Amino acid sequence: MQRAEIEELLTKAKELLKPEVTDIAYKTWIVPLEIDSMENNMITFHVALDVHKNMIEGRYSDLIKNTFAFLTHIDYDITVISDEQLKATGELLPSQTNHTSSIPNRNDL
């Protein structure tokens, strides 16, 4: 899947999620979500803060998984990586590692 297709899928998912949560929750937790990578039935989301990561994982992961399953007919697992987590561990985003990915690094776009 090309980056443009990923972004279109994310936009559709956000549109479907909007009526499922409060307006404040949508703007605070859903709108900032970005997809870093999508491969091997795994979607890796990228957020800025650990609090955002924890909220998505704790409260919205099932809703997000169900939304992507509805749109794609694939049962994806999701993971969320925050900038704070990356800085603390010195890790790279999945899109920045040496494995083969069909999604270009968003910094290269």
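This report describes the fold of one protein chain and a few of its side-chain pairs.

## Basis

The model is predicted: local features need pLDDT of at least 70, side-chain atom pairs count only at pLDDT 80 or more, and totals for chains, interfaces and linings use all residues. Residues are numbered from 1 along each chain as its sequence is written, and side-chain values use heavy atoms, with hydrogens and water left out.

## Overall make-up

The protein chain has four helices and three strands. Helices (H or I, at least four residues) and strands (E, at least two) are DSSP runs, numbered from the N terminus. Read from that end, the order of elements is α-α-β-β-α-β-α.

Of the 109 residues in the protein chain, 39% are buried, where buried means under 20% relative accessible area, exposed over 50% and partly exposed in between (1.4 Å probe, protein chains only).

## The sheet

The three strands make an open sheet in the order S1-S2-S3, with mixed pairing. Strands pair if DSSP finds at least two bridges between them. S1 and strand S3 (77-82) are the edge strands, each with a single partner strand, so one side of each has no neighbour in the sheet. On average, neighbouring strands are turned by 20° against each other, direction ignored. Helix H1 (residues 3-17) packs on the sheet and touches S1 and S2, its direction making about 120° with that of S1. H3 also packs on the sheet, touching S1, S2 and S3, and its direction makes about 155° with that of S3. Here contact means heavy atoms within 4.5 Å; axes are lines fitted to C-alpha atoms, for helices over the stretch in contact, and angles run from 0 to 180 degrees between N-to-C directions.

S1 (residues 34-39) and S2 (residues 42-47) run antiparallel and are joined by five bridges. Two residues lie between the strands of this hairpin, where Asn40 takes a positive phi near 50°.

## Side chains of strand S2

His46 lies in strand S2 and stands opposite Glu34. His46 counts as buried because its relative accessibility is 9%. Its side chain makes a polar contact of 2.5 Å with the side chain of Asp83. A polar contact is a pair of N or O atoms within 3.5 Å; within protein, one must be able to donate a hydrogen and the other to accept it, and residues adjacent in sequence count only if both atoms are side-chain atoms.

Rings of Phe, Tyr and Trp (its six-membered ring) pair if their centres lie within 6.5 Å, with planes under 30 degrees apart counted as stacked, over 60 as edge-to-face and the rest as tilted. This rule gives one aromatic pair. The ring centres of Phe45 and Phe68 are 5.9 Å apart and the planes stand at 65°, so the pair is edge-to-face. Phe45 in strand S2 and Phe68 in helix H3 (residues 50-72) are 23 residues apart, and both are buried.
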